[in-house]
Amino acid sequence: MLRDVSWRYFDFWLLGAVVLATAFGTTMIRSAIAGNEVLLPLINRQIYFALVGLVVIFVFAAIDYRFWMALYRPIYIVILAFLVTLTGFGQTAFGAQRWFQVGVLFLQPTEFAKIAAILILARYFDFTQNRARDLRWITGAVLWASGIIGMILLQPNLSNVVVLSVILSVLLWFNGVQLKHIAVVVVVGVISVTSVVGLTAANIRIPFLQEYQQDRIANFILPDENETYGEKYNVDQAKIAIGSGGLFGKGYGHGTQTQLRFLKVRHTDFIFSAVSEEFGLVGALFVVIVIVLIIWRCLRAAQKARDVAGMTIAYGVATLIFFQGMVNIGVNLNIVPVSGLPLPFISYGGSGLTSLMLGIGLVESVAMRYRQLDF
């Protein structure tokens, strides 16, 4: 599995963008939690996870990504076992069982489950590349993904269920799903979203949504102007922080909404607002450009992949980073309801950062074993 390693093709642009984003994110976490002694240890934890993540990138880049295809069943079983255990014994936050506590570390199996799902789907699409793109082919992909999606839904963690559903849909698209099937999914999606919004506006409880999840939707479509604390408060403070940053910001460590702690969960969900307040529009654009650069290099690796499995892995990781980044920034700008999804490589979160680094290592493995193009 190491015999065809060629470090000549290692994508140092991708590595550089990841290191830059992670370093900037750690710097912003330091500013966001300044003066809070309880959160102070998070800075060193993020640094440790970042260093471990860099090692993970090089290790997974050196190993042929097709090696993991042969282990798809053990990977699937192990990740399901972790998710089952998490559902019963995990620590609860924001209405969902999200992590295990191991000493001083909090491990989130759901973050690694997203990478595992990409690997499982990559193996499936590679194995079925010559099959007709019919309902049976689609059903096979859905069934493989549904095990992981179902266990995450039981936590309940709807935001990551949406992430995995988007990844599944995008990978079906890249692997040749027919337009008539896409049309059916779009119609069902529009009806579902319209129904959820309508029932929420009518103050009717939806059985498969937790109360806090439906409250987030309600606060987005029908905000309570008299609310002084809660989801609307957090979004309002985020908008104030972004608007007050102006073009160049108030300076590192001088953002009033951030430093005076009006902006809540500022080191995780709303770190983009902290960036915008302290570095202004320039800082916000910098974050967006670096993330776009990472996504672009992942897409480039997908285009040059030697097989369907490599293409699917790279497209899957690119989709994961794009969607989570888009939703997080959208939440900060009050374009979408609060979801709890972190900003890739910027927000605090050891498991999230390490899992993304693992994904980047897989993309690097694809890039290093690229298919030479004939002209």
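This is a predicted model: local features need pLDDT of at least 70, side-chain atom pairs count only at pLDDT 80 or more; totals for chains, interfaces and linings use all residues.
Reader: What share of the residues of the protein counts as buried?
Author: A residue is buried under 20% relative accessible area, exposed over 50% and partly exposed in between, using a 1.4 Å probe and protein chains only. The protein has 375 residues, and the share of them that count as buried is 51%.

Reader: Among contacts between residues at least 6 apart in sequence, what percentage join residues at least 24 apart?
Author: A contact here means heavy atoms within 4.5 Å. Take the contacts in the protein between residues at least 6 apart in sequence; the part that joins residues at least 24 apart is 73%.

Reader: Are α5 and α6 roughly parallel or roughly antiparallel?
Author: The axes (lines fitted to C-alpha atoms over the stretch in contact, with angles from 0 to 180 degrees between N-to-C directions) of α5, residues 109-127, and α6, residues 135-153, lie 10 Å apart, and the helices pack at about 165 degrees. The contact includes A113, A117 and L121 of α5, and among its partners in α6 are G140, W144 and I148. Given that angle, α5 and α6 are therefore roughly antiparallel.

Reader: How many of the residues of α5 are buried?
Author: Helix α5 has 19 residues, and its first and last C-alpha atoms are 26 Å apart, close to the 27 Å expected at 1.5 Å times one less than its number of residues. This helix is mostly covered, and the buried residues number 16 of its 19.

Reader: Is E111 buried or exposed?
Author: Find E111 in helix α5. Leaving aside residues up to four places away in sequence, E111 touches N160, S351, G352 and S355. The relative accessible area of E111 is 8%, so this residue is buried.

Reader: How is α6 oriented towards α7?
Author: The axes of α6 and α7 come within 10 Å and cross at roughly 165 degrees. Where they meet, α6 brings residues including W137, A145 and I152, and α7 brings residues including N160, L164 and L172. The crossing angle is why α6 and α7 are roughly antiparallel.

Reader: Which helices do the buried residues of α7 pack against?
Author: Helix α7 covers residues 158-174, and its 17 residues reach 24 Å from first to last C-alpha, close to the 24 Å expected. Its buried residues include S159, V163, I167 and L171. They pack against α5, α6 and α13.

Reader: How far apart in space are A81 and P109, C-alpha to C-alpha?
Author: A81 belongs to helix α4, residues 72-89. With a relative accessible area of 40%, A81 is partly exposed. Although A81 and P109 are 28 residues apart in sequence, their C-alpha distance is 9.9 Å.

Terms used
Residues are numbered from 1 along each chain as its sequence is written. Side-chain values use heavy atoms; hydrogens and water are left out. Helices (H or I, at least four residues) and strands (E, at least two) are DSSP runs, numbered from the N terminus. Angles under 35 degrees count as roughly parallel, over 145 as roughly antiparallel, 65 to 115 as roughly perpendicular and the rest as oblique.
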